[in-house]
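I opened a notebook for this structure and wrote down each thing I looked up.

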Amino acid sequence: MAISAPLALYERVTRKNTIPRAVELTILFLLLSLVAYRLISLQDHGFTWFLAFVCESWFAFTWVLSVSTKWTQADYKTYPEHLLQGKPELPAVDMFVTTADPVLEPPILTVNTVLSLLAVDYPANKLACYVSDDGGSPLTFYSLMEASKFAKLWVPFCKKYCIEVRAPFRYFSGESSLSRDVSLEFQQEWKKMKDEYEELSRKIEDATNGLMPFELTGEFADFSSIQRTNHATIIKVIWENKEGVANEVPHLIYISREKRPKYPHHFKAGAMNVLTRVSGVMSNAPFMLNVDCDMYINNPKIFLHAMCLLLGAKNKDTDFAYVQSPQCFYDGLKDDPFGNQLVVLFEYLGRGIVGIQGPFYAGTGCFHKRKVIYGLSPNDEEIKGSMEFTKSAGQILSSMKTSSPHELSSSLEAAKQVAGCSYEYGTLWGREVGWIYGSTTEDVLTGLTIHGRGWKSAYCSPNPPAFLGCAPSGGPAIMTQQKRWTTGLLEILFSRRSPFFLALQGKLQFRQCLAYLWLMLWGLRSIPELCYAILPAYCIVTSSHFLPKVGEAAFFIAAAIFITYNLYTLSEYLRAGLSVRAWWNNQRMWRINATTAWLIGTFSVVLKMLGISDTVFEVTPKEQSTNEDDDHNANAGRLTFDRSPIFISGTTILLVNLTALAVRLLGVGFGLVARGEDGPGIGEVICSVWVVLLYWAFFRGLFGKGKYGIPSSTLYKAGALAALFVHFSRWTSMI
Ligand SMILES: O=c1ccn([C@@H]2O[C@H](COP(=O)(O)OP(=O)(O)O[C@H]3O[C@H](CO)[C@@H](O)[C@H](O)[C@H]3O)[C@@H](O)[C@H]2O)c(=O)[nH]1
Ligand SMILES: [Mn+2]
């Protein structure tokens, strides 16, 4: 009998997508035909034709990027049961949670995330949880202290009864959490746990409301005169699993890194680097998981799934640098009214990237190999880089080999040192090592740098989803997030780490480079999108046209693109199990984001490049539940507004198109002679109506009250811009 080979830990599955590929190529062919037609008939037409040509060439280009990215879709199937057979000893994992603001990110959320991490199905003596608090808040620290007491009941409870959802706020909010046919013992423990959790949330809530049950002395003395942007490092070992027992509660450590006004702190990237180093001197696990404070563990087996991919390499080629899980969200509103649940994005483009060099790093829900974060390339045996770095991190790295258990408190001094502001000075941290600085999307930049060194990455999307987080709700929060993302992505594109350069150096695969480009060009897409949204209105107002006339063969090309594209994207939503409404909501939100947040994001990068202002990471506000009152609220899912300039361009687009349609309907040509043959046709009118439908959320905003209404100052500005535009259009058509 042959000796059986070790069982495979994972399998790569490629998706069959022949029909989608055919449709995508058809759309590409139609787009190219239209562009070609415009090019050969450029002389016979005016400026609008040329502008349409430029925009459509751009759309064809981004379509090429998207077709290439979606071409080979793949997924990984993991077999955790084989892992437990083959590898008796599981490797250690350090778990990182970042929080930055106790108001925007309520401590109860962070606490739930931490509890879900502590209770994960993995030997507790292999785990350590580090919380970085950029808010330097005693409230967060207090909440974690209380949570660690609760964890001593919660963790054994979850493990004993194989509880599925280990974030208590979600577990106790589910209807099915206590079914009738369970043992009496379980019922009693369940009740006790629920009471204990309610007690914990009440304590945290009281403290949040200013009824601090503690004085800033003793354990809290470090917080007594703290200024958020100017304070010394605080590191507290909240709980230590001293006996190193596998079914205990894992270590829990609180960190608030040093902040000084003179030193840039690099937002989340800076926090991640401190977490890396502090954990390096304390537990120094070879793997690190990081989650945002709102992203709790929804599948307690995720560590085992991830280990299948991280340990399952058969050769250098399948040695993954990191394992990324998709971002999924809890309490999503029905039909995704804000278009921010990203399901379809991860489903097709995401899987496509998985099929090339591996998923982008998405900032949360990702397991990294520590040595990769330390800057190693796939073929490196030991750390390279400058002397400065070797001195500072080599020590951390060398102790990786001696994993003799030591008390955490004995490394507190060393930990404080590596958490200081000046520690990174003159080292490669943030440049070659750790999370890379210089972009508000530090996640994509860090992942790109890793791919640029030739690493591959893997995707892990078990069922139920591994992590669930909180998607921003309401117009201002969504737009701010989109703006941050485009800003950060453009910052990368225009830096020396641009995917272009990395592809030229040879380690970033060509199609992976195109995939990165697809993402990083979001900001620049705002310009052709804006032009295209205004073109139909311009044509109606000036009695000209930018689309081929109904009689021309090319009209059918344009119509075919419009119809095929929409039906095709619709089919993507239906195949992913989503509704027609979800499709429509995403269509309109993408167009709205593109012409508002992405535009402002592009401006802010231009301002940064001109040295006028710097870009900052604006934290997304998070709520415990979006459903509680909103479910019965007729306004759930309705776009909200504030005075931010982000809303001006969207309002202007709407006003301009409304004016155009009014002109058309009322037949007032602003005194222009109808140009007969040359005037606008049905195509322009349909386009203009389509734009108004896409911006219907803004239309409702014209009449909405309070946060549902567009503020009058924004309306005046947009109105003035629209009037200027109409005036200018008339002027151009007269010369
Ligand atoms: O100075 C800062 C700013 C932010 N954060 C943390 O960064 C995380 C992400 O911030 P959030 O406001 O939730 O941003 P999102 O747009 O929701 O995050 C996505 O996009 C970010 C990049 O723009 C990534 O860092 C995130 O991981 C990814 O989930 C949160 O845990 C914050 O506490 C810090 O630790 N320090
Ligand atoms: Mn977030």
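Entry 1, ground rules. I worked on a predicted model, where local features need pLDDT of at least 70 and side-chain atom pairs count only at pLDDT 80 or more, while totals for chains, interfaces and linings use all residues. Residues are numbered from 1 along each chain as its sequence is written, chains are lettered from A and ligands numbered from 1 in the order in which they are written, and side-chain values use heavy atoms, with hydrogens and water left out.

I looked up rings of Phe, Tyr and Trp (its six-membered ring), which pair if their centres lie within 6.5 Å; planes under 30 degrees apart are stacked, over 60 edge-to-face, and the rest tilted. I noted 52 aromatic pairs under this rule. Phe 169 and Tyr 330 are edge-to-face, because their ring centres are 5.7 Å apart and their planes stand at 80 degrees. The two residues are 161 residues apart, with Phe 169 in helix α6 (residues 168-171) and Tyr 330 in the loop between β10 (328-329) and α10 (343-354). Helices (H or I, at least four residues) and strands (E, at least two) are DSSP runs, numbered from the N terminus.

I then checked burial (buried is under 20% relative accessible area, exposed over 50%, partly exposed in between, with a 1.4 Å probe and protein chains only). Phe 169 is buried at 9%, and Tyr 330 is buried at 5%. I also found a cluster linked by ring pairs, including Phe 150, Trp 154 and Trp 190.

A charge sits over a ring if NZ of Lys or CZ of Arg is within 6 Å of the ring centre and within 35 degrees of the ring normal. I found Arg 38 over the ring of Trp 49, 4.5 Å from its centre. Arg 277 lies over the face of Trp 429, at 4.7 Å from the ring centre.

Under "binding site", an unreviewed UniProt entry lists Lys 268 and Asp 292. Their largest C-alpha distance is 9.8 Å, although they are spread over 25 residues of sequence. Lys 268 is in helix α8 (residues 267-282) and is buried at 11% relative accessible area. Asp 292 is in strand β7 (residues 287-292).

I placed Asn 585 in helix α20 (residues 580-595), and Asn 585 counts as buried at 6% relative accessibility.

Key
UniProt positions renumbered as here; feature names shortened; annotations may be inferred.
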